Amino acid sequence: MKLGTWLMVVALLGGMWVIVAPYIIGYGPKHGNPWAGGIVGVDVLAALVIVAALAGLAGFWRAVLHELGTKSEPFAED
């Protein structure tokens with residue numbers, strides 16, 4: 001359970017880093033069109049990684065919470 005969450009969080013942070021890295025490191029354009037050259041392709045792929053990570057987190061926790069909700073109470077009386 002924890003591994004699935006951590007892997008999706010790492011993917012989410014990785015996607016965010018790919019979007020901001022060219023501007024932090026200095027490879028992105030400083031003036032003019034910020035979507036110049038290869039930046040737009042990298043940003044689109046990073047956005048897809050972020051969407052996939054969010055969908056994975058939502059699906060994973062939905063399944064976990066559904067499983068926890070369907071378990072019977074250990075001390076429930078009939």
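Trp17, Val18, Val20, Ile24, Ile25, Tyr27 and Val42 make a nonpolar surface patch of about 710 Å². A patch here takes residues with over 30% relative accessible area and no salt bridge, nonpolar side chains (Val, Leu, Ile, Met, Phe, Trp, Tyr) being joined within 5 Å and like charges within 9 Å; a salt bridge puts a side-chain nitrogen of Lys or Arg within 4 Å of a carboxyl oxygen of Asp or Glu. The model is predicted, so local features need pLDDT of at least 70 and side-chain atom pairs pLDDT 80 or more, while totals for chains, interfaces and linings use all residues. Numbering runs from 1 along each chain as its sequence is written, and side-chain values use heavy atoms, without hydrogens and water.

Helix α1 (residues 2-25) gives the nonpolar patch its largest share, five residues.

Asp43 counts as buried because its relative accessibility is 8%. Beyond its neighbours within four places in sequence, Asp43 touches Val18, Ile19, Tyr23 and Trp35, a contact being heavy atoms within 4.5 Å.

As for the whole protein, it has two helices and zero strands (DSSP runs, H or I of at least four residues for helices and E of at least two for strands, numbered from the N terminus). Of its 78 residues, 18% are buried. Among contacts between residues at least 6 apart in sequence, 68% join residues at least 24 apart.

Technical notes. Buried < 20%, exposed > 50% of the residue type's maximum accessible area, 1.4 Å probe, protein only. Areas by Shrake-Rupley, 256 points an atom, 1.4 Å probe, with all protein chains shown as cover.
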